[in-house]
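Subject: Structure for you to look at

Hello,

Here are the sequence and the model we spoke about. My notes on strands and aromatic rings follow below the structure.

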Amino acid sequence: MSRFGNQKNDRLMKLEIRIATIMLCAALALGTACKKHPIPDEEPAQNTSVGFRAKSQATWVKSGTKATKPLSEFNITDFGEWGIARKSEQVPYVLWDNNNLAEVRKSGNTDVFAPVSPAYWFNGFTYKFIAIAPFSSGISDLGINATTDVLSFTFNMAEKYVSDQAFDLMGAVAESTASATSSSSQDLTFWHLLSKINIAVSFVDASGAATSGSVSRICLNNIDSEAIYTIGFDADKNIDVDCIADAESSQASLTFTDSETATMHIVPQNISDFTLYLDFTVEGITYSDFKVNLSAGGNNPQTYNYNESYNWNITIGPKAAITFSVSIADWNTENVGDEVIIS
């Protein structure tokens with residue numbers, strides 16, 4: 001082989017080595033970029049695995065008393081979770097993923113939930129959690145700000161209005177500081193992120209005494225189906241929820257048949273354009289598409305808020321005279337967040 005030929009092979013070998021080196025550096029750079037949450041360089045706390053005691057606010061059981069109920073009693077067996085841990089000047093530790101919710105599933109006990117992908121407690125780190133239940137809730141356009149600890153998403157109830165009018169969307173936040181003596185379970189108390197409307201129809205005679213009658217149809221129209229939620233922490237470390245309904249998106253109607261009562265969950269919204277129609281029979285006379293004057297509800301608010309329940313009490317008397325009143329209460333009343341890890 002000529003001297004030129006040997007030099008050519010030498011150049012090719014050097015070129016191949018250079019290419020291989022560049023490819024190796026690219027792989028190392030890619031590996032570093034894909035490491036989304038550096039794990040603290042220290043030993044985890046005792047009982048290291050992060051778990052949750054998930055509960056929902058419960059209704060008042062007596063005056064001045066608050067209570068909670070296991071989340072599973074609301075037929076919710078999983079939820080989506082985002083978490084971040086901070087300590088002094090160290091790089092924040094994102095527990096699962098920067099831009100997604102991690103699935104957390106119910107384990108053996110009714111109120112104990114465990115992440116599908118484990119995360120860990122580290123001594124002295126302050127943890128913040130934001131959760132949305134259930135996990136497969138149909139949210140879209142999820143965005144997470146790991147600097148301000150704020151989560152935003154779009155939620156559409158259109159399909160739920162048709163197939164699951166009692167669908168219950170919930171949210172929770174909590175903050176804890178881990179220590180070596182802490183338990184692995186973090187308390188999470190969920191708020192209802194929807195508004196609840198309870199409709200009850202009753203009949204009276206000319207004297208105002210209860211009388212018999214029947215309702216064959218309750219129809220509520222012009223319900224906004226889509227809303228944008230922003231969830232974070234308020235100044236007291238409790239949940240802070242902002243919800244804006246999209247009135248330009250498709251609107252829905254909800255119909256209930258053969259019942260004097262109806263319960264529905266809707267995205268929080270302005271109800272000034274709602275219309276309510278009843279089909280009913282009283283004193284042997286049947287009325288169809290009777291429009292209820294929703295503006296006659298006394299202190300009826302224009303905007304319905306999350307975590308609040310609105311009772312629409314409709315009274316039908318002689319000659320189809322109808323009265324309408326609204327009462328409002330927090331759907332549930334327990335504060336959320338600012339929890340500590342149970343020891």
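Strand β12 (residues 170-177) is largely enclosed by the rest of the structure, because seven of its eight residues are buried. Please bear in mind throughout that this is a predicted model.

Two strands pair with β12. Strand β9 (residues 126-133) runs antiparallel to β12, and eight bridges join them. In that pairing, Y127 is found opposite S176 of β12. β13 also pairs with β12 in the antiparallel sense, over two bridges. Here G171 stands opposite W191 of β13.

Two of these residues lead on to the aromatic rings. The structure has 19 aromatic pairs. In one of them, W191 and Y306 are tilted, with 6.1 Å centre to centre and 50 degrees between the planes. This pair connects distant parts of the chain: W191 belongs to strand β13 (residues 185-192), while Y306 is in the loop between β23 (303-304) and β24 (308-316), 115 residues apart. W191 has a relative accessibility of 15% and therefore counts as buried, the cut-off being under 20%.

A further pair, Y304 with W312, is edge-to-face, at 6.5 Å centre to centre and 75 degrees between the planes. Both Y304 and W312 are buried.

Y127, the residue opposite S176, is also part of an aromatic cluster, together with F52, F79, F113, W121, F129 and F190.

Two lysines sit over aromatic rings. K128 lies over the face of F233, 4.7 Å from the ring centre. K160 has its charged end over the ring of F167, at 4.4 Å from the centre of that ring.

Separately, there is an open sheet of four strands, in the order β10-β11-β16-β17, and its pairing is antiparallel. Which strands are at the edges? They are β10 (139-145) and β17 (239-245), each of which pairs on one side only. On average, neighbouring strands in this sheet are turned by 15 degrees against each other, direction ignored. Between β10 and the antiparallel strand β11 (residues 150-156) there are five bridges. As background, strands of a sheet pair through backbone hydrogen bonds, either parallel or antiparallel.

Regards

Conventions: Residues numbered from 1 in each chain as written. Predicted model: local features only at pLDDT ≥ 70, side-chain atom pairs only at ≥ 80, totals over all residues. Heavy atoms only, no water. Pairing = 2+ DSSP bridges. Axes fitted to C-alpha atoms, helices over the stretch in contact; angles between N-to-C directions. Phe/Tyr/Trp six-rings, centres within 6.5 Å; stacked < 30°, edge-to-face > 60°. Buried < 20%, exposed > 50% of the residue type's maximum accessible area, 1.4 Å probe, protein only. Lys NZ or Arg CZ within 6 Å of the ring centre and 35° of its normal.
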